[in-house]
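Look over the sequence and the fold before reading on. The paragraphs below take the chains one after the other.

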Amino acid sequence: MLHVAGAGVAEAAEPLVAVSQLHRHALECVFAFCSRAELAVAVVVARDWQAAALSMASLQWTTYVQEPADVRRLCSSPLRRHVDYLSCFGDAVAADPESLQLLSARMAHLNGLDITVRLPLPSHVTLQFPARLRLLDLTLHFEGGGRGGSGRAVQCRSRGCH
Amino acid sequence: MEDGADLVAPFNAALEAATDLEQLETLYVYVPLVESAIPGSLTALTRVPSLRGLQLEDGWNVPLLSDAHVAELRALTQLQTLAFNRVDTPLLRRLLAPPHALQWQELRGLGPLTEADAALLVSLPLHTLQAKLAMEHADFLLQLPQLTALTLSAAGDGPPDTERILQAVGGCAQLRELKLLDGVKAYHLHFSSAQLSNCLARLPLLQKLQLDDAAMLTTLAFLTAGSLRRTLHELVLRDFSQRVPLADLQFVLQLHELRALTLRDVFDAPLSSPADLPCLLPHLTRFSQDWTFW
């Protein structure tokens, strides 16, 4: 009897699981149309909303950061998995090797990265990039500057051609 | 400033870190060259079979590459794009000296290009070329049938045969993007409206057209040539030394697929109401009467 009752519970649970999956799927579909700001609000509304935002397919955002604080904020965000391409502009991130270490550790899913690295790095820092990068737009900046400054010539960037 | 020798180890370590990325498909490296030279070795890049792009920059200086660096670059046979801001012809000859197994599809900043240099280019499967011509013609383009983007200007010591050059350009039937930079210096591409019409009529896929410093254009009627009215998405006309009548705006307005438009110093009178242009061109999302990039 116990076995039969157990089976009954399992049968009763199946529709609930299906409804739950449907609910999750519906949320994911709706969230796919959300802006970043809207999704940031959605994840704090309810636990299942947050779960949907974290399980849905990546929204493949392109994000720009300028300061090491931006990097730290991004790396601690639950929505960081939706960032597909990250562009770090300005010298502040370049001057902070810990930012790149943080990106490598917390943003391993990144598909593309545009970053300036100031060389030589401090002796305690090992240069490492996020592991799954397919596109790396790397500007090397030598301490003190070489001839022509950092070598970055914005007008000639040709990433868009590819 | 660091001494060049002090930069070798960090530079090599940076490339090593980049080449450890197993899924890397495209790597752009911007290097502030030291006395125009690469401060280290490019050998690490040979380990990345999916490496597609490499850009070495030194402002607008021509890089001074040692024989060792030229050999390293020639060993990167997986590269599709090798971009410099400027490549002079001696460097080009060293890079493309036969025999080679290079597969570059994109070369920018070339020139002034002589016939001997052009003969080297046809050994590459180029689809994007930006060059200054230092010769009468551009017949080598006929041996680059896969070309989809072309930027040409003239920089020779004698007058170019514009008719012949435009005939060669018109032979590149796969072109999606064409920029003709006429120039106001002694020898430049003085193309006429009729010559341009004949050329453009042979480019059925053209989506982007840029004409700078046109000196002999008297009308924009060439915009109705061939299938431009159906294919052209972006049009940039700038700095015409001989202005065309404002009435020729009608030819621009026939480009029904236009998404982006830049007009600067083209007409003999100001546009009466530029704000109306987006209404007249249903797909237009960018309109500029000033500087623009594409």
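Two residues are in contact if their C-beta atoms, placed from the backbone, lie within 7 Å. This is a predicted model, in which local features need pLDDT of at least 70, side-chain atom pairs count only at pLDDT 80 or more, and totals for chains, interfaces and linings use all residues. Residues are numbered from 1 along each chain as its sequence is written, while chains are lettered from A and ligands numbered from 1 in the order in which they are written.

Start with B:L76. Which residues does B:L76 touch, not counting residues up to four places away in sequence? They are B:L45, B:T46, B:L51 and B:L54. B:L76 sits in a loop of chain B, between α2 (67-74) and β3 (81-84). Helices (H or I, at least four residues) and strands (E, at least two) are DSSP runs, numbered from the N terminus. A residue is buried if 20 or more other C-beta atoms lie within 10 Å of its own, exposed if 12 or fewer, and partly exposed in between. B:L76 has 19 other C-beta atoms within 10 Å and is therefore partly exposed. From B:L76 to B:L110 there are 34 residues in sequence and 20 Å in space, C-alpha to C-alpha.

Stay in chain B and go to helix α5 (residues 162-170). Its buried residues are B:T162, B:I165, B:L166, B:A168, B:V169 and B:G170. These buried residues of α5(B) pack against β6 (149-154), β7 (177-181) and α6 of chain B.

Now take α5(B) with helix α6 (residues 193-200) of chain B. Their axes are 8 Å apart, and the angle is about 20°. Axes are lines fitted to C-alpha atoms, for helices over the stretch in contact, and angles run from 0 to 180 degrees between N-to-C directions. Angles under 35 degrees count as roughly parallel, over 145 as roughly antiparallel, 65 to 115 as roughly perpendicular and the rest as oblique. So α5(B) and α6(B) are roughly parallel to each other. The crossing of the two is right-handed. A crossing is right-handed if the near helix is turned clockwise from the far one by less than a right angle, and left-handed if anticlockwise. On the α5(B) side, B:T162, B:E163, B:L166, B:V169 and B:G170 take part. They meet B:Q195, B:L196, B:N198 and B:C199 in α6(B).

Turn to chain A. Its secondary structure comes to 6 helices and 4 strands. From the N terminus on, the order is α-α-α-β-α-β-α-α-β-β. Chain A has 162 residues, and 23% of them are buried.

How is chain A divided into domains? Domain 1 is 1-57 and domain 2 is 59-162, with bounds from an automatic or database domain assignment. The contact between them takes 8 residues from domain 1 and 4 residues from domain 2. On the domain 1 side, α2 (36-42) and α3 (47-55) of chain A each supply at least two residues.

Finish with a helix pair in chain A. The axes of α4 (residues 68-75) and α6 (residues 97-106) of chain A come within 10 Å and cross at roughly 15°. Therefore α4(A) and α6(A) are roughly parallel to each other. Their crossing is left-handed. A:P68, A:V71, A:R72 and A:C75 in α4(A) meet A:S99, A:L102, A:L103 and A:R106 in α6(A).
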